[in-house]
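Have the cut-offs at hand, and we'll take them one by one.

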Amino acid sequence: MRSIIHKIFLVSLLALLPSAVLAQRQYSPNFAIGGKAGATMSKMSFSPEVHQKFTNGLTMGITARYTEEKFFGLIAEINLTQRGWAEDFAEDEAPQFSYSRTLTYIQVPLLTHIYFGSNKFRGFVNLGPEFGYMIGSSISANFDYQNYTSIEGFPQGYRTNEQLNMEVQNKFDYGIAVGVGVEWILKRKHSFFLEGRYYYGLGNIYKASKRDFFAASRGMSIEITLGYMIRIR
């Protein structure tokens, strides 16, 4: 399964090339810059399985977009994004406990931009690889997660708990991003857009050799952002 996902990642990276070629052949270039901000919902893909649920975070960043007038373009972004996970203790009949971990990344998506519509309103699809580096990690819990084995009533034995106090071992991340959205164009140079984006990480936050506990610890998130662009060329 992972080899298939890596192939998809390579295909999405190669998907940037046709847009670059078209950018060389078409005329009436359009270069715009802007910013965006929004919310994230994220969790992890752990193996062995961890009982978890989505946790909420924030994302914001700057974006640059180069397009021609014929449906294709390129987008590069620099974003500050919060991801992570929240433990689901209700599944273990211990709802009195709460734990969530927030992982803060500098993310750099490089995306193919496919758009359609009129000069006033457009729909679009963004697809491509995304690279990131973790700059912060924080934990919110209502119990002593470093000594959970001594807590009365804490669920043990039948659930995975090793991740509660493990330090992040791999700060570099990479994965695939796919987004869909709409854009409203005002007076040709100004526009607002709304985008929903899904990210699937291919990098593990913990070591994943045969000697390590986790065989997989990859992030995934859903992002909803509102942004503004101004055309400068």
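Q: What sits over the ring of Y199?

A: The charged end of R83 does, 3.9 Å from the ring centre. A charge sits over a ring if NZ of Lys or CZ of Arg is within 6 Å of the ring centre and within 35 degrees of the ring normal. K43 likewise lies over the face of F54, at 5.0 Å from the ring centre.

Q: Before we go on, what kind of model is this?

A: This is a predicted model, in which local features need pLDDT of at least 70 and side-chain atom pairs count only at pLDDT 80 or more, while totals for chains, interfaces and linings use all residues. Residues are numbered from 1 along each chain as its sequence is written, and side-chain values use heavy atoms, with hydrogens and water left out.

Q: Why is the pair of F89 and F154 called edge-to-face?

A: Rings of Phe, Tyr and Trp (its six-membered ring) pair if their centres lie within 6.5 Å; planes under 30 degrees apart count as stacked, over 60 as edge-to-face and the rest as tilted. The centres of F89 and F154 are 5.7 Å apart and their planes stand at 65 degrees, so the pair is edge-to-face. The structure holds 19 aromatic pairs, and ring pairs link a cluster that includes F89, F154, W85 and Y148.

Q: What makes the pair of F89 and F154 a tie between parts of the chain?

A: F89 lies in the loop between β4 (72-87) and β5 (99-117), and F154 in the loop between β6 (121-141) and β7 (172-186), so the pair ties together parts that are 65 residues apart in sequence. Strands here are DSSP runs (E, at least two residues), numbered from the N terminus.

Q: Why is M41 called partly exposed?

A: Buried means under 20% relative accessible area, exposed over 50%, and partly exposed in between (1.4 Å probe, protein chains only). M41 has a relative accessible area of 38%, so M41 is partly exposed. F31 also counts as partly exposed, at 27%, whereas both F89 and F154 are buried. M41 and F31 are both found in strand β1.

Q: How do you know which residues F31 touches?

A: Contact means heavy atoms within 4.5 Å. Leaving out residues up to four places away in sequence, F31 touches A64, R65, Y66, I230, R231, I232 and R233. The C-alpha atoms of F31 and R231 are separated by 5.9 Å, although these residues are 200 apart along the chain.

Terms used. Helices (H or I, at least four residues) and strands (E, at least two) are DSSP runs, numbered from the N terminus.
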